[in-house]
Amino acid sequence: MNFRWIAKSMMVAAAFMVSCAQASLEIIITEGVDSARPVAIVPFAFVGATKPNQDIGQIVSADLMRSGKFNPINAMRMPQQPQNSSQFNAAVWDKTGVEAVVMGTIKEVGMDRYTVSYELVDVVKAKGGVGQPMMNAAGRIVGGTNHILHASEITITGKQFRQYAHRMSDVIYEKLTGERGAFSTKIAYVLVRDRQEYRYQLVVADYDGENEQVLLRAKEPLMSPSWSPDGTKLAYVTFERKQSQIYIQDVYTARRSILTSFKGINGSPVWSPDGRKMAMTLSKDGNSEIYVMDIASKALTKVAPHRAIDVEPTWAPDGKSILFSSERGGRPQLYSVELGSNQVSRVTFEGEMNLAGKYTPNGQAIVMVNRTNGQYNIARMDRTTKFMQVLTRTYLDESPSIAPNGSMIIYSTLHGSNTQVLALVSMDGRFKARLPATNGRVKSPAWSPFL
């Protein structure tokens with residue numbers, strides 16, 4: 001991973017096309033479930049004649065497991081399968097060690113219309129105590145509702161089951177952790193299929209790889225997708241007319257417009273937090289440097305000018321500074337520039353080099369590609385203590401992108417016979433998963449904001 005090669009490779013043809021396809025990605029969990037908190041997602045009872053193809057309980061269970069924080073138990077281990085809290089036996093669930101139970105029903109109420117109801121029960125609170133509900137001798141709750149953390153009912157169509165299941169997961173995750181769930185978000189990535197005429201595809205999918213939509217097909221490389229703060233647009237780099245160009249494309253209407261087409265490098269576009277500006281890497285004046293463009297006026301401002309190669313800008317959450325990779329100190333490290341004063345300060349010192357920095361959503365840490373002893377891995381550095389934790393043990397990691405709730409990192413890595421795949425790692429490094437393509441190579445992931 002040569003630093004000069006990174007800068008030069010930001011040049012990347014695109015034949016515009018939008019289509020939908022079956023999922024290309026499959027999440028394979030590799031580490032960390034056993035240490036997660038045990039919960040139970042009881043199979044939802046179905047009342048009706050035409051059962052939907054999507055299983056809400058299975059989707060919610062998979063979401064919670066992939067978060068790295070929960071370990072849903074197998075249905076065979078459940079002491080009972082209640083449909084609602086009135087059937088819930090706190091005594092038998094207390095013996096399982098499970099912290100929370102989700103139960104519900106799906107009732108067919110018309111042609112492709114289903115009423116979905118569910119409850120989230122806290123097993124610890126259901127046991128009783130001061131100010132808590134009481135159990136009778138049979139283990140049934142006889143007083144109080146404090147053990148019911150959430151209850152909901154909605155009528156939806158069969159096609160809405162997966163989307164609603166992700167929303168359920170968001171609610172359950174937030175009730176149990178205090179953090180907002182990110183299961184209703186999306187990811188963008190580049191899919192490469194070498195045997196096709198249009199080898200490169202810019203793809204948007206649900207965070208779990210489902211509902212894949214191809215936004216763009218190209219004969220030449222695509223790279224660096226970046227979400228707008230409202231989640232409606234993507235900026236990315238193409239190599240149309242045999243030169244790198246930055247485009248902006250609407251995810252829903254597929255309309256696109258060119259943002260830059262300067263001589264040399266047009267790379268690494270990233271939106272400001274307010275969506276009005278774009279930071280990028282340009283070499284129009286000869287050297288690779290960081291610029292900020294006002295999207296409406298196209299006015300450009302060069303920031304942190306230096307004779308060294310500067311690449312990979314990213315905004316601080318408050319929009320007042322930009323983090324970037326630079327070799328101005330010798331080997332590549334992360335630097336920050338205050339936009340008000342243009343004052344530059346070095347941010348990383350540990351390891352042989354640090355690249356592709358990203359702030360966590362709360363601004364308290366920086367995620368990056370760290371090289372130590374020749375190995376490129378994803379690392380997290382606390383901004384206050386400067387403590388650096390290497391989170392991965394995969395090979396030649398790059399392009400980290402953080403979930404909007406700060407819980408997970410998606411990145412590109414090599415697996416097997418040097419095949420590019422996407423991978424997930426939790427922010428604490430305990431949970432890990434791999435997302436290989438069923439047919440092709442995947443790289444350059446970008447996690448959307450909350451939608």
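Strands are DSSP runs of at least two residues, numbered from the N terminus. The model described here is predicted.

Strand E6, residues 100-110, pairs with strand E7, residues 113-122. The pairing is antiparallel and spans ten bridges. Within it, glycine 104 stands opposite tyrosine 118 of E7. E6 and E7 form a hairpin with two residues between the strands. In this hairpin, aspartate 112 takes a positive phi near 55°.

E6 also has parallel partners. Strand E3, residues 37-41, pairs with E6 in the parallel sense. Three bridges make up this pairing of E3 and E6. Here valine 39 lies opposite alanine 100 in E6. Strand E4, residues 45-47, pairs with E6 as well. That pairing of E4 and E6 is again parallel, and it runs over three bridges. Alanine 45 has threonine 105 of E6 as its bridge partner.

Attention turns next to a helix pair. Packed helices are described by the angle between their axes and the distance between the axes. Helix H2 covers residues 56-66, and helix H5 covers residues 161-177. H2 and H5 pack at an angle of about 45°. Their axes are 9 Å apart. Angles under 35 degrees count as roughly parallel, and those from 65 to 115 as roughly perpendicular. H2 and H5 are therefore oblique to each other. The crossing of H2 past H5 is right-handed.

Both helices contribute named residues to the contact. From H2 come Ile56, Ile59, Val60, Asp63 and Leu64. The H5 side consists of Phe161, Arg162, Tyr164, Ala165, His166, Met168, Ser169, Ile172 and Tyr173. By class, the contact of H2 with H5 has ten nonpolar residues. Two polar and two charged residues complete this contact.

E26 is joined to strand E27, residues 365-372, by five bridges. E26 and E27 run antiparallel. Tyrosine 359 has isoleucine 366 of E27 as its bridge partner.

Conventions:
Residues are numbered from 1 along each chain as its sequence is written. This is a predicted model: local features need pLDDT of at least 70, side-chain atom pairs count only at pLDDT 80 or more; totals for chains, interfaces and linings use all residues. Side-chain values use heavy atoms; hydrogens and water are left out. Two strands pair if DSSP finds at least two bridges between them. Helices (H or I, at least four residues) and strands (E, at least two) are DSSP runs, numbered from the N terminus. Axes are lines fitted to C-alpha atoms, for helices over the stretch in contact, and angles run from 0 to 180 degrees between N-to-C directions. Angles under 35 degrees count as roughly parallel, over 145 as roughly antiparallel, 65 to 115 as roughly perpendicular and the rest as oblique. A crossing is left-handed if the near helix is turned anticlockwise from the far one by less than a right angle, and right-handed if clockwise. Contact means heavy atoms within 4.5 Å. Ala, Val, Leu, Ile, Met, Phe, Trp, Tyr, Cys and Pro count as nonpolar, Asp, Glu, Lys and Arg as charged, and the others, Gly among them, as polar.
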